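Work through these exercises with the model open beside you.

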Amino acid sequence: MNPSIVAIDVGGTHLRRARWTETGGLTERTVLPSPGKERHPGEPVDRLQARMVDALCDAVPFEAGVVAGISFGAALDHRSGVVYASAPLWGPAGEPFHLLDALRRRRPDVTWHVINDVTAALVHLAAAPGRARHRRILLATISTGIACRLLDRSTGTIPVDGCGLQGEIGHLPATATLAGRPVELVCDCGTPGHVAAYSSGPGIRRMAEVLRQREPDRWRDSRLGAEHERGTAFEDAFLRALEEGDPLAHDLLTAVTGPVADVLRMALCLSPDIDEVALTGGVAVGLAGHYRRALLGHLERNGLYLTGERAPEWIADRLTVCGPGEADGLVGAGIAALTALRAADPGPSAEIAEAAGHRIGGEPL
């Protein structure tokens, strides 16, 4: 069986669509703005959700036996396809949204498969032959939102909790400092002091604004400030400033990577059988070596007890930044949909498990 699958990857900023086949890969790619709060500010959450269903259904052609694999940027129950929340798309929405049911009602002609976007990216990453011997792989995405997933090959599971969730690290409590003083920012979910409040793409821009207000003279004299004042997009200005060794940009990067380093330090402390910590997402990939070096700086200054002093290379050897196309949610969504078809099991848990070649949540294939 080698059907053509419509793969869709939904993020806080963009909705990517393509055809995917096991032999031919991705074709017919298109990119559209995500119909979320950035594009439609001020609209109520239920209207934004309705727009999302419209956009996903419109992206799938009317064909006999059409199959759609969705990589969705949200905290969702992998047992049912229920979306609990997506701060980048809908802000502090409180009520669960039955996305999979809504899609099936709207387009019953489509075989729908919905998984979390980080899970989809991990499915693709783990499929690489060079990772076949890894015991555990942790993939973290640092983008409009922040989350991670952990694939445990030794037990054959991608464990989930009682809500069908795993790895929502962006909404863990965190602290950050700038110019020697604590900063408290509100996460897009509405709660102050989350990892994503400081370390996501929007969080980094907010942290930059705090730094500009606290140190206006230093900001004005910096490469980052000069680029920003010229109208350069913040992301481009930040990268250029880092590449030119701007001290203020370095201080900002140190501050915004601190909460992520705290999470990764704890993960490696509790699970030393993690053979790779891979980073993806617009922030981590866009800043590439700068981002990795900043994380390693934190982990070297405040590393694992004893291991940080006796074997500092142990962490460095495990920390990678994904290259282009290495952890693609579009490909992962396609793999998940195809393997679910082959297993004749449309449940989200089976999709993820089959795609990774494992079990999930202790349920056998």
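**Exercise 1. Describe how H9 packs against H11.**

Step 1. Start with the handedness: H9 passes H11 in a left-handed crossing. Keep in mind that this is a predicted model.

Step 2. Take the geometry. The axes of H9 and H11 lie 11 Å apart, at an angle of about 25°. H9 is therefore roughly parallel to H11. The cut-off behind that step is an angle under 35 degrees.

Step 3. List the contact residues. H9 brings Phe-238, Leu-239, Leu-242 and Glu-243. H11 meets them with Gly-286, Leu-287 and His-290.

Step 4. Sort them by class. The contact of H9 with H11 has 4 nonpolar, 2 polar and 1 charged residues.

**Exercise 2. Find how H6 (residues 201-214) is oriented against H9 (residues 234-243).**

Step 1. Read the axes. Those of H6 and H9 come within 11 Å and cross at roughly 70°.

Step 2. Apply the cut-off. Angles of 65 to 115 degrees count as roughly perpendicular. H6 and H9 are therefore roughly perpendicular to each other.

Step 3. H6 and H9 cross in a left-handed sense.

Step 4. Name the partners. Ile-204, Arg-205 and Ala-208 come from H6, and Phe-234, Glu-235 and Phe-238 from H9. By class, the contact of H6 with H9 holds 4 nonpolar and 2 charged residues, with no polar ones.

Step 5. Look back at Phe-238. This residue takes part in the contact with H6, and Phe-238 also meets H11.

**Exercise 3. Work out the packing of H10 against H11 (residues 282-301).**

Step 1. Get the angle and the distance. H10 and H11 pack at about 65°, and their axes are 9 Å apart.

Step 2. Get the hand. The crossing of H10 past H11 is right-handed.

Step 3. Pick out the contacts. On H10 they are Leu-253, Thr-254, Thr-257, Gly-258, Val-260, Ala-261, Leu-264 and Arg-265. On H11 they are Leu-287, His-290, Tyr-291, Ala-294, Leu-295, His-298, Leu-299 and Arg-301.

Step 4. Classify. The contact of H10 with H11 divides into 9 nonpolar, 5 polar and 2 charged residues.

Step 5. Compare the lists for H11. Leu-287 and His-290 meet H10, and Leu-287 and His-290 also meet H9.

**Exercise 4. Locate the largest cavity and name its lining.**

Step 1. Search the whole structure. It has 1 cavity of 30 Å³ or more. The largest cavity holds about 40 Å³ of space.

Step 2. Assign the elements. H11 and H13 (313-316) each supply at least two lining residues. H11 gives the most, with 3 residues.

Step 3. Classify. The lining of the largest cavity has 5 nonpolar, 1 polar and 1 charged residues.

**Exercise 5. Which elements line the second largest pocket?**

Step 1. Take the volume, which is about 270 Å³.

Step 2. Find the centre. The lining has 16 residues, and Leu-138, Cys-148, Ile-169, Val-263 and Ala-267 lie nearest the centre.

Step 3. Assign the elements. Strand S8 (136-142), strand S9 (146-152) and helix H10 (247-270) each give two or more residues to the lining. The largest share, 5 residues, comes from H10.

Step 4. Classify. The pocket lining divides into 11 nonpolar, 3 polar and 2 charged residues.

Key:
Residues are numbered from 1 along each chain as its sequence is written. This is a predicted model: local features need pLDDT of at least 70, side-chain atom pairs count only at pLDDT 80 or more; totals for chains, interfaces and linings use all residues. Side-chain values use heavy atoms; hydrogens and water are left out. On a 1 Å grid over the protein atoms alone, a cavity is a set of points where a 1.4 Å probe fits but cannot get out, and a pocket is an open set with protein on both sides within 12 Å along at least five of seven lines; lining residues have an atom within 4 Å of a point. Grid points are joined across faces, edges and corners, and a volume is the space filled by probe spheres set on the points. Helices (H or I, at least four residues) and strands (E, at least two) are DSSP runs, numbered from the N terminus. Ala, Val, Leu, Ile, Met, Phe, Trp, Tyr, Cys and Pro count as nonpolar, Asp, Glu, Lys and Arg as charged, and the others, Gly among them, as polar. Axes are lines fitted to C-alpha atoms, for helices over the stretch in contact, and angles run from 0 to 180 degrees between N-to-C directions. Angles under 35 degrees count as roughly parallel, over 145 as roughly antiparallel, 65 to 115 as roughly perpendicular and the rest as oblique. A crossing is left-handed if the near helix is turned anticlockwise from the far one by less than a right angle, and right-handed if clockwise. Contact means heavy atoms within 4.5 Å.
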